[in-house]
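Biologist: Before any labels are applied to this model, I would like to see what stands behind each of them. Can we go through them one at a time?

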Amino acid sequence: MKKILLLLTLLVIVTSCKTGSSTTSSTNKLAEKIIDDASRKIGAPYRFGGTTNSGYDCSGLVYTSFKKYAISLPRTSKDMSKEGKVISKDNAKKGDLIFFKTGNSSQINHVGLIIEVTNDDIKFIHSSTKSGVLVSSINETYYRKSFAQINRVLE
């Protein structure tokens, strides 16, 4: 049942990602390709240090999805958070990286890839220790409270 729900969520998100944008810039097309790659990994388990379909950690998921399109990012979420340009939530768009300080950490220790932005929500794909690769919302209490920043690495 959980996998069916994940697949339905993926179908809705991928469909909205492909039909929701009228811009045709190369940056937007590249963001869509990276999102599609990460989305294909939904349901993969969490694995510390993982960068393959047998398991991903949060930065491993982002790292491999960008690497497929020859974009080199650091391997850890903390180091990724120093890349690109920090932007406000109001300026977030698909393809941006979203960072968190989870578990009462004082430093960034979690990253996701933004896949959908609406007036009242930001959805992102990431790998959580409990659920593996999935889509979450900034409106979920856990992520709202641990939100740190958003970085634009695609220009």
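This is a predicted model: local features need pLDDT of at least 70, side-chain atom pairs count only at pLDDT 80 or more; totals for chains, interfaces and linings use all residues.

Biologist: What makes up the secondary structure of the protein chain?

Modeller: The chain has five helices and eight strands. In sequence order they run α-α-β-β-α-α-β-β-β-β-β-α-β.

Biologist: How do you know that aspartate 120 is exposed or buried?

Modeller: Exposed requires a relative accessible area over 50%. Aspartate 120 has 59%, so it is exposed. Its place is the loop between strand 5 (110-118) and strand 6.

Biologist: Why is serine 131 called partly exposed?

Modeller: The partly exposed class lies between the buried limit of 20% and the exposed limit of 50%. Serine 131 has a relative accessible area of 31%, and therefore falls in that class. This serine is in the loop between strand 6 and strand 7. The C-alpha atoms of serine 131 and proline 45 are 6.9 Å apart, although the two residues are 86 residues apart along the chain.

Biologist: And what makes serine 146 buried?

Modeller: Buried means under 20%. Serine 146 has a relative accessible area of 7%, so the label applies. Serine 146 belongs to helix 5. Neighbours within four places in sequence aside, serine 146 is in contact with Phe99, Phe100, Lys101 and Thr102.

Biologist: How much of the protein chain counts as buried?

Modeller: Of its 155 residues, 47% do.

Biologist: Why is helix 2 described as largely enclosed?

Modeller: Ten of its 14 residues are buried, so the rest of the structure largely encloses helix 2. The buried residues include Ala31, Ile34, Ile35 and Ala38, and also Glu32, Asp36 and Asp37.

Biologist: What is the reach of helix 2, and how does it compare with the expected value?

Modeller: Helix 2 covers residues 26-39 and reaches 20 Å from its first C-alpha to its last. The expected span is 1.5 Å times one less than the number of residues. For the 14 residues of helix 2 the expected value is 20 Å, and the reach is close to it.

Biologist: How do you know that helix 3 is mostly covered?

Modeller: Eight of its ten residues are buried. Among them are Cys58, Leu61, Val62 and Phe66.

Biologist: What makes the largest nonpolar core a core, and which residues have the most contacts inside it?

Modeller: A nonpolar core needs buried residues of the listed nonpolar kinds, joined through side-chain atoms within 4.5 Å. The largest such set has 25 residues, and Phe66, Leu97, Leu113 and Ile125 have the most contacts inside it. Two or more residues of this core come from each of helix 2, helix 3, strand 4 (97-100), strand 5 and strand 7. A second, separate core has ten residues, including Ala92, Phe100, Ile138 and Ile150.

Biologist: With which residues is isoleucine 125 in contact?

Modeller: Apart from neighbours within four places in sequence, the contacts of isoleucine 125 include Ala38, Leu61, Leu113, Val133 and Val135.

Biologist: What is the volume of the largest pocket, and what lines it?

Modeller: The volume is about 440 Å³. The lining has 23 residues, with Tyr46, His110, Ser127, Ser128 and Thr129 nearest the centre. Strand 6 gives the largest share of the lining, three residues. By class, the lining has six nonpolar, 13 polar and four charged residues.

Biologist: What makes the phi of alanine 70 worth a remark?

Modeller: Most residues other than glycine have a negative phi. Alanine 70 is not a glycine, yet its phi is positive, near 60°. Alanine 70 sits in the loop between helix 3 and helix 4 (77-80). Its relative accessibility is 74%, so alanine 70 counts as exposed.

Biologist: What is the phi of asparagine 104, and where is this residue?

Modeller: Asparagine 104, also not a glycine, has a positive phi of about 60°. Its place is the loop between strand 4 and strand 5. At 81% relative accessibility asparagine 104 is over the 50% limit, and therefore exposed.

Technical notes
Residues are numbered from 1 along each chain as its sequence is written. Side-chain values use heavy atoms; hydrogens and water are left out. Helices (H or I, at least four residues) and strands (E, at least two) are DSSP runs, numbered from the N terminus. Buried means under 20% relative accessible area, exposed over 50%, partly exposed in between (1.4 Å probe, protein chains only). On a 1 Å grid over the protein atoms alone, a cavity is a set of points where a 1.4 Å probe fits but cannot get out, and a pocket is an open set with protein on both sides within 12 Å along at least five of seven lines; lining residues have an atom within 4 Å of a point. Grid points are joined across faces, edges and corners, and a volume is the space filled by probe spheres set on the points. Ala, Val, Leu, Ile, Met, Phe, Trp, Tyr, Cys and Pro count as nonpolar, Asp, Glu, Lys and Arg as charged, and the others, Gly among them, as polar. Contact means heavy atoms within 4.5 Å.
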